[in-house]
Structure formats: structure tokens, C-alpha cells
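Look at the structure first, then read on.

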Amino acid sequence: MSAVMPGQPMRVLSGMRPTGRLHLGHYHGVLKNWVKLQAEYDCFFFVADWHALTTHYENPHIIEESVWDMVVDWLAAGVDPNNATLFIQSRVPAHAELNVLLSMITPLSWLERVPSYKDQQLQLKERDLSTYGFLGYPLLQSADILVYRAGLVPVGEDQVAHVELTREVARRFNHLYGREPGYETRAEEAIKKMGKKNAKMYRELRTAYMEQGDREALETARALLERQKNITLGDKERLFGFLEGGGKIILPEPQAMLTQAPKMPGLDGRKMSKSYDNVISLRDPPAEVEKKLRTMPTDPARVHRDDPGDPDKCPVWDFHMIYSDAERKDWVQKGCRSAKIGCLECKQTIIDPVLAELKPMQERAVEFSRDPLLVRNIIADGCKRAQDAAETTLVDVRAAIGLGYSG
């Protein structure tokens, strides 16, 4: 179910770990998508500094140095604080509180089966990741999402399992704590408020789902509830839960939003990553960018200028896949395979569009870097908005568990 009232845009949440200067991989993989999403959704984008500690706890200075550089890069890339809420995770304590509360109900086996848990331990053998924080970081991600009742989480395919864990945690929480006293009676009272026609339709659709497993009936019933204007948000959440035989939905289950980002290769053909030292940073000087691209490795079989090559075995071709149009790609394929163009000639047609893409971002980055107070004020405002939104969720969570401190 959606966590927003009808007529409001769906809330999207996404974060990025501050572990160094951002590069073209970050831009094409995340930031370009953020710029698009902020015009369509209620977006919350955060600096995941606590998450960075799970793998960089021995070198926290890297995190401290990277936080503000990263925010400047976001702003330079076009992320607009007037259209999105930008904040730092550690400045919103609600993330930590919900993480603690969720940890009380989350089976250990759920965390151990997250694919990235063992994968990253293998990839980062040089670091000691046998820590409680590293094991629990997927649950902290769940708290990040659920504390804002985000409906959509933009992720790549390798992160879908994290969103599915979040859905399971939310489902378990709602099952345990959504059963308020007199729940069925309150649900029936809420149904009556919908009016005779809508109430009858709701009951029929609920029966179709509960007795026959009709998913289409479930979705139709959800859409029916979204349109209701004469029942409260609390009643609406109660009826969303009642649809599936559960209790009141306190923490809505988010959906993964698969991002179709182009593969941004590193200078050596592998994934662009600082650990591989194969990146083009967003703020690399033009001369350095040109030098990096000119010295890229090419098809190893093409030793001499008149040797035919295979673009599919050349890292430069991966850049053409992102920066070149169909005509240019055809020119590369034919020219390389027939040895009519040289490697430097091929690279030059990539250098120009890369520099053109970076130039306006670098100019904006200089402007924001000259005004650090503006950047800090943007984040302070975003942190306040984020804390207000998160606290609204925590009030309901505490009350559901019995920690409302009433009386």
C-alpha cells in the first residue's frame, strides 16, 4: 500500500555511502536517475554515513572528508533541494531507534541469508567484517526505508534482496503489532463509513482474495481504498491490513524500483571503482580526464596500427555504448575491424563528449564549494524535514509496541 494520501506523489528513498569522491559510475548509475525521479516523486536522498562505517570503521576520516564533497557533487549533478529532501543519515536519530526496535523481531537467519553478506566478505577479504554492524546493515537499510514509509526504492538487481528483506520485516512487524484491541470491530466500522456501494464491493473483493487467492481482486480493492475520501488515514491503513487477513498496516511494504542504468565501465574494462583505481572522478581536471582516456588499454590483439581489432574486446567500446550515437558506433565497428581508424582516433571521439558532460557539473561544483554555508544550510533544512517525517512514523511504531509513554 502507498504511504501517502491520494493526490500526493509516492515517496522514494535512496542513499549513497560517502567513501570518496564521486565518479562517472555514480553519475550514470545513480545521480542521473535521482534528477529524473525528483520531478516525479516525493524524494528523500541521504548520505549513508552509518552504512559507510560498516566497512570503513577503521578509517572514519575517509567518511568525514567525503560527506560534504559528495553533497556538492549531488548539487552539481542537478539534484535540487527544492524538489527533494537531502539529509545526512546520522543526523536523524530516528533511523537508529527504528533499527533497534526492528532488531528485536528480526530472525538472525534472515540477515545471514542476504546474498551480499557473504559476497562482500569474499570481495573485501583485507577488512575484518566479522562485526555485528556488518551483519546487521541490511536491517539498518530496512529502517532507513520504513522510517519514511517509502513506497519505492530505486535499486539495481543486486539490491532487490534488500528490499525484499524490508518487506518481510514490515510484514512481520504489522503481524505482531497491528492487532489492536477490537481490530475486527474497528475494521467493520471503517467499512461502513465507505458507503453501501463501496462497502459491498470491498467485502466482495476481500472474499475473492481470502477464499480464492485472486490477486487481481486484491489490487482492485487496494485501488478502491486509495480513492476513499470519507475515511481517516488510520481507517484506511486498518482496511489495507484487513484485506489480507492481517492487522493494521503500520509500516507499509515498499516496492523495488529497478533502475535501468547503463553499465559504466572503468578505464580498464572492469566496473568503475575506486578500489580498482580505474575511475574518472566528476571533478577531475579536463587535462587529467583526457590523459586517462588516451592511455586506456585497448584490444590486446591490436598491436600495430594496421592490425584489425575487435571493439567487443576493447574497454573503449564500452564508453562508445554510452556516449556515441548509432552512426558513430557503426563508424567504430567498421573502422576498428578493418584497421581504417587507429585507437587514438577512436578514443578522441569519446574524450570530447565526456568533457562536455563534466564541464557544467564542474562549474556548478566550484560555485557550491565557494559557499559551504549554503551547502550546510541545505542539509540542515533537509535533516529537519527528514526528522519530522521520521518522527511521525516512530510515534505510531512506539504506540503499536506499547512504548507510547502514555499516561
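The expected span of a helix is 1.5 Å times one less than its number of residues. The model shown here is predicted.

Start with helix α17, residues 372–401. Helix α17 has 30 residues and reaches 42 Å from its first C-alpha to its last. That is close to the 44 Å expected at 1.5 Å a residue. Several residues of α17 are buried, including Val375, Ile378, Ile379, Gly382 and Cys383. Also among the buried residues are Ala386, Ala389, Ala390, Thr393, Leu394 and Val397. An α-helix has 3.6 residues a turn, so residues three or four places apart point the same way. Just after α17, Gly402 takes a positive phi of about 105°.

**A helix pair**

Two packed helices are described by the angle between their axes and the distance between the axes. How do α14 and α15 cross, and at roughly what angle? Their axes come within 9 Å and cross at roughly 160°. Angles over 145 degrees count as roughly antiparallel, so α14 is roughly antiparallel to α15. The crossing is left-handed. Both sides of the contact are listed here.

| Helix | Residues | Contact residues |
|---|---|---|
| α14 | 315–323 | Trp317, His320, Met321 |
| α15 | 326–337 | Arg328, Lys329, Val332, Gln333 |

These contact residues divide into three nonpolar, two polar and two charged.

**What covers α14**

In α14, Pro315, Val316, Trp317, Phe319, His320 and Tyr323 are buried. What covers these buried residues? The cover includes α1 (24–37), α13 (286–294), α15 and α16 (343–369).

How values were computed:
Residues numbered from 1 in each chain as written. Predicted model: local features only at pLDDT ≥ 70, side-chain atom pairs only at ≥ 80, totals over all residues. Heavy atoms only, no water. Axes fitted to C-alpha atoms, helices over the stretch in contact; angles between N-to-C directions. Helix = DSSP H or I, 4+ residues; strand = E, 2+ residues; numbered from the N terminus. Parallel < 35°, antiparallel > 145°, perpendicular 65-115°, else oblique. Left-handed = near helix turned anticlockwise from the far one by under 90°. Contact = heavy atoms within 4.5 Å. Nonpolar A, V, L, I, M, F, W, Y, C, P; charged D, E, K, R; others polar. Buried < 20%, exposed > 50% of the residue type's maximum accessible area, 1.4 Å probe, protein only.
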